[in-house]
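Student: Please take a close look at one part of this structure. Then tell me how other parts of the chain compare in kind.

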Amino acid sequence: MAGLSLYFEDGHDDLDDFGFDDYGSECDGIRITAFLDAGQDNLTPLGRLEKYAFSENVFNRQIVARGLLDVLREFSDNENDFISVMETVVRMSEDAEPTVRAELMEQVPNIAMFLHENRPNFPAAFSRYLVPIVVRYLTDPNNQVRKTSQAALLVLLEQGLICKADMEGKICPVLLELTEPSSDDDYKIEAVAIMCKLVTMLNKDTVELLLLLRFCELCSDARLFQVRKVCAANFGEFCSIVGQDATEKLLMPKFFDLCSDSLWGIRKACAECFMVVSNCTSPEVRRTKLSPLFINLISDQSRWVRQAAFQSLGRFISTFANPSSTGVRFQEDETLHGIPKSTEKNEHKGSCSDASSDRFPGSSASPGKSKKFSDTVIKPSQASEDPNHSRVPSSVKSHTTDCKLGQLDSLTTTQDQQTGDLFDSFHYWRPLLPDISQDLELLQGEGKDEVQRQEMVKEEETVPDLDSEGPATSSQIQKVLECLQPHLDDPDVQAQVQVLSAALKAAQLESHSDDTDQDVLVSESGNTKNPISTDKQAEMDTHLLNSQSTSPVLDVSEPSCVEAGLTENIVEVKDTNKYEICEEEKSKVQNVIPQQLLDQYLSMTDPVRAQTVDTEIAKHCAFSLPGVALTLGRQNWHCLKDTYETLATDVQWKVRRTLAFSIHELAVILGDQLTAADLVPIFNGFLKDLDEVRIGVLKHLYDFLKLLHVEKRREYLYQLQEFMVTDNSRNWRFRYELAEQLILIIDLYSHYDVYDYLRQIALSLCSDKVSEVRWISYKLVVEILQKLYSCGAHDLSLNFINELVVRFCHCPKWVGRQAFAFICQAIVEEDCMPMDQFAQHLLPCLLSLSSDPVPNVRVLVAKALRHSVLEKPYFNEPGSAYSDELEEALSELRMDKDRDVRFFATLDPNRNVLDTAALI
């Protein structure tokens with residue numbers, strides 16, 4: 001028996017090899033038709049169909065199931081026969097053999113499409129006979145049959161062949177039954193996948209009525225993670241269908257649970273659909289709830305979740321876009337266009353302390369004091385405008401805080417009483433106020449009592465004369481100058497050195513000042529108790545120079561305030577760097593999107609991200625940058641400028657290529673001023689990059705150039721020739737794209753520029769080795785000629801025509817002469833020039849080519865004369881001076897020995913024929 005079984009299996013395989021599996025529907029139809037023919041059994045075709053459809057041989061039933069479409073074609077003309085065939089199909093669907101059922105289900109989409117195209121009563125027949133089969137097979141015990149029915153159902157839904165009533169009354173109830181908690185696990189997982197795909201083809205009311213609540217239950221399925229994963233992957237589709245209200249009330253809690261699921265695959269699926277979910281929520285929910293949730297995903301412990309989150313970050317940020325603030329909107333053709341907008345105000349300006357207080361919790365530890373110190377900040381621009389501007393109040397406040405906390409009120413009160421125009425060798429050159437909030441907290445812990453506060457005030461009134469300390473002060477300033485010598489490359493340090501030099505001279509002169517000057521110095525050094533020895537002072541200076549702290553050092557030995565202020569400036573070289581960092585952070589502050597989202601997006605260019613998250617994270621950043629820029633608006637471009645420049649110089653050419661393809665869209669977002677200042681240099685760099693990057697610039701060259709001013713635009717005339725040179729000469733599509741762009745660019749320049757620059761490029765492209773490039777270049781030549789004539793440049797037009805005649809009509813190669821015939825035809829069809837000018841300068845040359853020895857040339861001459869020239873009234877009128885010459889030339893072409901030439905010379909121009917561009 002084993003041998004017989006093996007022999008039967010081999011025989012079955014042989015039958016498959018003869019074509020039952022490999023033949024198309026045509027061959028299957030021939031075989032089915034053959035067994036339906038009349039034979040010795042005297043059965044009707046329908047009887048013979050039933051005989052084989054219900055044969056005991058499984059293979060016969062498989063063949064009939066596979067050929068049902070051809071059987072229906074045979075019997076579709078007769079209504080009764082058609083119904084009989086459909087009933088046979090229904091009976092076959094109950095076959096006990098799974099392979100027969102699977103074969104039958106594979107044919108259902110094809111049968112449905114045939115019925116839809118050929119049967120007037122398709123909906124009723126399909127709903128009555130085929131839909132029940134599909135629904136029943138969704139619960140078939142055989143896995144292959146179920147998978148086949150699921151695939152067939154999706155095809156039917158995509159093609160729109162299932163009516164709404166069947167979806168609501170037959171399909172949805174089965175899916176709801178299969179997704180019951182008590183349902184089989186395999187059935188439930190498969191049904192959830194179908195339900196999630198089905199929802200995109202149903203309307204909102206149906207989904208809310210039948211599927212929404214069940215979907216919410218499935219999102220919380222604690223037993224099957226596969227169900228939760230499918231729900232997470234399709235969460236966005238449900239949100240898009242049900243709308244904002246249902247999303248926020250029912251779906252958002254489930255989404256939060258899925259985003260915190262224990263399995264990283266589910267969290268990853270949530271990150272991938274985050275943008276779609278965000279689009280279905282209100283701005284308030286998006287900012288207050290979704291943004292913190294997304295930050296959690298970006299900092300997830302799983303690298304795959306972080307990778308998916310960073311890939312979706314730019315798209316999520318784009319959901320915050322508001323046309324009223326961005327200044328641009330999408331039109332119906334999906335292109336960006338500017339909209340009228342009120343005067344833009346840069347809201348990010350403000351003090352460094354204000355900017356950092358929103359982002360760094362430590363800066364707001366003492367709100368009462370931060371208000372007092374924020375008033376002392378002077379903008380660099382203000383200081384540079386007036387070098388003699390009095391900075392005594394701010395500097396006194398700053399250096400008194402470095403003394404004991406108890407001195408603050410008394411010294412501030414004393415200094416406020418001084419005149420603002422007094423020169424001080426220390427306060428004049430003192431930089432901006434450093435952050436000393438941490439030191440203040442330490443001082444508060446020391447708990448100086450009121451007695452010490454009063455004693456310090458008394459000491460302030462009895463400070464000894466500083467005449468004896470004049471040399472010491474000068475030496476301290478000299479030491480500060482020596483410390484600044486290594487940093488002379490910094491312009492700010494250079495300015496400080498210049499002021500310090502003046503301060504040094506002033507300090508030396510102070511030793512010979514009068515009593516009034518002494519009183520001023522005494523008031524400014526009120527905290528000095530005892531002069532410090534030279535050795536101790538040098539030790540303190542050395543300690544401060546080696547210190548890494550960015551705030552002044554508070555010595556426990558209570559040094560004098562003047563001395564503390566002077567030594568403080570050694571450290572404040574570092575405070576300048578801290579101020580610059582603060583300014584950099586301030587430049588990236590905005591209020592359009594949550595700042596944490598922007599910070600995470602800007603960090604995508606960090607090389608550490610490429611190592612810990614995704615090696616192509618910079619590419620994803622570049623891909624979504626136009627959307628982020630659109631969201632932030634041109635008033636916040638300063639937040640993205642550094643990131644964009646970093647991406648433009650990335651070592652990966654894929655990153656630069658991504659930017660090159662989108663730079664024209666970014667130019668629309670930023671406007672002409674920012675484009676000229678920030679994008680043009682990067683655009684110029686892309687022009688000299690690899691061909692893979694240059695093609696992105698070239699494809700949208702016209703879109704970018706039209707946004708520039710005329711003067712800036714003319715600068716690129718000299719660089720267009722560089723596009724003719726490519727890294728690979730076989731890259732003919734690069735030159736083809738250049739010709740297409742030049743056709744558009746012609747409108748951006750004057751006819752003089754077109755003649756001087758674009759004409760030479762066009763003629764070079766006309767001699768390209770690739771026919772596709774030559775064909776598009778001939779159109780470019782025609783556009784140039786039309787530009788010259790439309791601008792009234794008749795002399796330049798005539799020169800260009802003569803050049804075309806010499807280069808093409810008299811070309812020794814037949815390809816050039818053929819090109820001349822094509823150009824003449826295009827000129828006539830596009831009305832690029834007056835017909836009398838054409839007849840005078842081009843027609844004689846075209847007629848001379850009617851006797852060209854190469855048939856390919858004569859073919860295009862015949863087509864140009866018969867289909868274009870003679871269609872113009874100027875040439876076909878009875879009194880035309882050129883009608884005789886044209887008829888004579890066509891007569892010769894009609895009797896040409898080449899069949900194609902005769903065809904085009906005699907063909908009716910109104911007939912549609914194949915394009916002859918392939919002959920070029």
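Tutor: Start with a cut-off: a residue is buried under 20% relative accessible area, exposed over 50%, and partly exposed in between. Leu263 has a relative accessibility of 32%, so it counts as partly exposed. All of this is read from a predicted model.

Leu263 is our way in. It sits in the loop that links H14 to helix H15 (264-272). Setting aside residues up to four places away in sequence, Leu263 touches Phe225 and Arg228. Lys229 is 34 residues from Leu263 in sequence, yet their C-alpha atoms are 9.0 Å apart. Residues 225-233 form helix H13, and residues 235-259 form helix H14.

What do they cover in H12? The buried residues of H12 are Thr206, Val207, Leu211, Leu212, Arg214, Phe215, Cys216, Leu218 and Cys219. Note that Arg214 is on that list.

Now the shape of H12. The helix runs over residues 204-219, which is 16 residues. A straight helix of that length would span 22 Å at 1.5 Å a residue. H12 spans only 19 Å between its end C-alpha atoms. It also bends, by about 55°, at Leu211. Leu211 is itself one of the buried residues of H12.

H7 still has a kink, of about 35°, at Val108. That kink comes shortly before the proline Pro109.

On the H9 side the contact uses Asn143, Arg146, Lys147, Gln150, Leu153, Leu154 and Leu157. On the H11 side it uses Asp186, Tyr187, Glu190, Ile194, Lys197 and Leu198. By class, this contact has 6 nonpolar, 2 polar and 5 charged residues.

Helix H44 (residues 814-830) and helix H47 (residues 855-867) have axes that come within 9 Å. They cross at roughly 10°. That makes H44 roughly parallel to H47. H44 contributes Trp814, Arg817, Gln818, Ala821, Phe822 and Gln825 to the contact. H47 contributes Asn856, Val857, Leu860, Val861, Lys863 and Ala864. Here the classes are 7 nonpolar, 3 polar and 2 charged.

The loop between H44 and helix H45 (835-841) holds Asp831. Its phi is near 50°, a positive value in a residue other than glycine. Most residues other than glycine have a negative phi. Asp831 is partly exposed, because its relative accessible area is 45%.

Two more single residues are worth a look. Phe734 lies in helix H40 (residues 732-745). With a relative accessible area of 1%, it is buried. Apart from neighbours within four places in sequence, its contacts are Asp691, Arg694, Ile695, Leu698, Phe723 and Thr726. Val773 is 39 residues from Phe734 along the chain, and the two C-alpha atoms are separated by 9.3 Å.

Asn876 belongs to helix H48 (residues 873-876). It is partly exposed, with a relative accessible area of 42%. Leaving out neighbours within four places in sequence, Asn876 is in contact with Leu870 and Glu871. Leu886 is 10 residues away in sequence and 9.3 Å away in space, C-alpha to C-alpha.

Last, the chain as a whole. It has 50 helices and 2 strands. Of its 920 residues, 50% count as buried. Take contacts between residues at least 6 apart in sequence: 71% of these join residues at least 24 apart.

Note on methods: Residues are numbered from 1 along each chain as its sequence is written. This is a predicted model: local features need pLDDT of at least 70, side-chain atom pairs count only at pLDDT 80 or more; totals for chains, interfaces and linings use all residues. Side-chain values use heavy atoms; hydrogens and water are left out. The bend at a residue is the angle between axes fitted to the seven residues ending there and the seven starting there. Helices (H or I, at least four residues) and strands (E, at least two) are DSSP runs, numbered from the N terminus. The expected span of a helix is 1.5 Å times one less than its number of residues. Buried means under 20% relative accessible area, exposed over 50%, partly exposed in between (1.4 Å probe, protein chains only). Contact means heavy atoms within 4.5 Å. Ala, Val, Leu, Ile, Met, Phe, Trp, Tyr, Cys and Pro count as nonpolar, Asp, Glu, Lys and Arg as charged, and the others, Gly among them, as polar. Axes are lines fitted to C-alpha atoms, for helices over the stretch in contact, and angles run from 0 to 180 degrees between N-to-C directions. Angles under 35 degrees count as roughly parallel, over 145 as roughly antiparallel, 65 to 115 as roughly perpendicular and the rest as oblique.
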